[in-house]
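Thanks for coming. I have one model to show, and I will keep it short.

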Amino acid sequence: MAATTTDVTSSYDRIKDIQEFDHTKNGVKGLKDSGITSIPKFFIQPPEILSTLSPTSQSNTSNNIPVIDLENINSQAHRPKIVEQIKEAAREWGFFQVINHEIPISVMEETIQAFISFHEQPGEVKAKYYSRENGSYSSNIDVYHAKAATWHDYLKFWMAPEEQAVKVEDIPEIVRKEAIAWDGFAKKLAEDVMELLCEGIGLESSRFKELSCSGNRLLVGNYYPYCPQPNLTLGLAPHTDAGTITVLISNQVSGLQIKHGEDWVDVKPLPGAVIFNIADLLQIISNGEYNSVQHRVRANSCEEARISITEFFNLSKWKEYGSFGPLPELVSAEKPALYLVFAKTTSINCLTGITPVTSGDALIDGNSIRSSVGMSNIRRIIGVCPQFDILWNALSGHEHLELFASIRGLPPATIKLVVEKSLAEVKLTEAGKVRAGSYSGGMRRRLSVAAALLGDPKLVILDEPTTGMDPITRRHVWDIIENAKKGRAIVLTTHSMEEADVLSDRIGIMAKGSLRCIGTSIRLKSRFASKCGAERREHIFSDFRTHNIWSITSGARFVTIPGTESGENPRGIMVEVYWEQDDYGALCISGHSAEIPVPPKMASIDLKSNTKISNFVKG
Ligand SMILES: O=C(O)CCC(=O)C(=O)O
Ligand SMILES: [Fe+2]
């Protein structure tokens, strides 16, 4: 196995292999059907995953996730007990399965069978639906970025909200009726379970529903064909789900595992049961009362394929609220908020004047975002590409840019030329004549980026400009952004570390609502590198060599913590404080050692007068 794992990082042409796989449009089912006996190298998981896959590693089969009987859900006498069980399961396990629900077994079986039938059609029939960008059928959406690919294909549709939902006629006929029926049943059951979850933590039963926790739904049929080397890859990599709640059914082929303590626990599919898991947003809304737990799927070692039908529930009124954090009812002096309010979009909305500022201020080119004069000056010098495209289906790309150019006040005589140049830059010259209603997601994003850059703004804000783009278009948009950097500031938000690394001069990382760090890519890497593993460090050292920045001043000092003198440690306690220069050359503390008694003859700096540093050291 050692030889194979080394291959993961060796220099074979990984991209070429992936592209070949992608171009078959046949997913891993196609690989399995070709009769291969060993899996392509880009499926081989890194050693830290492989070590958890061997039969001797801690997969624990003696446990199973809680099973909750919903038979008497509406009986006054039984409901409190069911609420208690669900609450306990959602808190301790993050996963549970429900039995005696209202969904007929025949509906579950028909749904599973329909998705199997889709995946088991001849490759050329499925290939029509295959796309990495906005198609419904694909395999390994993140294969170009992930450390390793996984052994499953999927078919997915947005079922809600209406403006995002798939058109009925675009659902392949072979699953159409079943997908629509399943969505109805799953939504009803999820809303019933959400009521129980609300009651469990003392909320009004309808609270989650009113927040629109079931208003956004993505239905996915995951297909895990037989894998010839199941101990070298996974069916699905470890992850947590992002939304509010996930509803899952599967056939009887096992594979799903959840992280419980240090163990990966097998979830044994119970015939007729529906599995629920808490997703990240519900963990946040519930202020940590409920837990979103890591799970993964083992590569399938059975001849029979595994199928799971997963419906991801999320908020549909997210945009309306603009930000999200723990519900006020769940925050108190005894239970302070564990999570800050999500604030990326809110911050951008404040900077651009969409959301009024309630406290604090920001200056853009010397103009305060709190003053109406300042804001109108700011509007003249910024261009914005919002996270969700604001485009009109009936207008062409050309008409959009003409409209935006005249709103920006460009001289009418120049507009035609500016628009043509701009369309050429984003490679939409031909498409510019066509209505935007027929554009793919990537084309819509490119048009939005072009609109943001119109009129030579001094500050451009790009909110996740490449979300949903295939890797080639994304690289192209990176070139556009790179070229647009000259003479202006660009603030770009992204979830992709690679994108931040490629495009940014300075990177700020926001987590759970606040800015955690800011600095150049090299500085952040050097500061946080130890957490990234050997491969990442390799990368960082080569970055250091290419940027030739050996001259960074850094150092360490022993510092006594004031007031720690005692009989046992007459000279007190000290720590070693590490310091370095920040991006502007100012010295700042970057960390400290564990506390140790000051040895008798040691000379150290006494911080009695410097409360700021001593607080830091103590904290
Ligand atoms: O296939 C499964 O059992 C799990 C699927 C899953 O976790 C997901 O799609 O997020
Ligand atoms: Fe999941």
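The model is predicted, so local features need pLDDT of at least 70 and side-chain atom pairs count only at pLDDT 80 or more, while totals for chains, interfaces and linings use all residues. Residues are numbered from 1 along each chain as its sequence is written, chains are lettered from A and ligands numbered from 1 in the order written, and side-chain values use heavy atoms, without hydrogens and water.

First, the iron ion, ligand 2. Its protein donors are His239 (NE2), Asp241 (OD) and His295 (NE2), at 2.1 to 2.2 Å. Donors here are N, O and S atoms within 2.8 Å of the metal (3.2 Å for Na, K and Ca); water is not among the atoms, so sites may look incomplete. Along the chain the spacing is H-x1-D-x53-H. His239 is in strand 7 (residues 234-239) and His295 in strand 12 (residues 295-298), so the pair ties together parts 56 residues apart in sequence. Strands are DSSP runs of E, at least two residues, numbered from the N terminus.

Is His295 buried or exposed? His295 is buried, at 6% relative accessible area; His239, at 22%, is partly exposed. Buried means under 20%, exposed over 50%, partly exposed in between, with a 1.4 Å probe and protein chains only.

Eight strands form an open, mixed sheet in the order 2-3-11-8-13-6-5-4. Strand 2 (67-69) and strand 4 (137-139) are the edges, each pairing on one side only. Pairing requires at least two DSSP bridges between two strands. Strand 2 runs parallel to strand 3 (residues 95-99) over three bridges, and Asp69 stands opposite Ile99 in strand 3.

Definitions and conventions: Helices (H or I, at least four residues) and strands (E, at least two) are DSSP runs, numbered from the N terminus.
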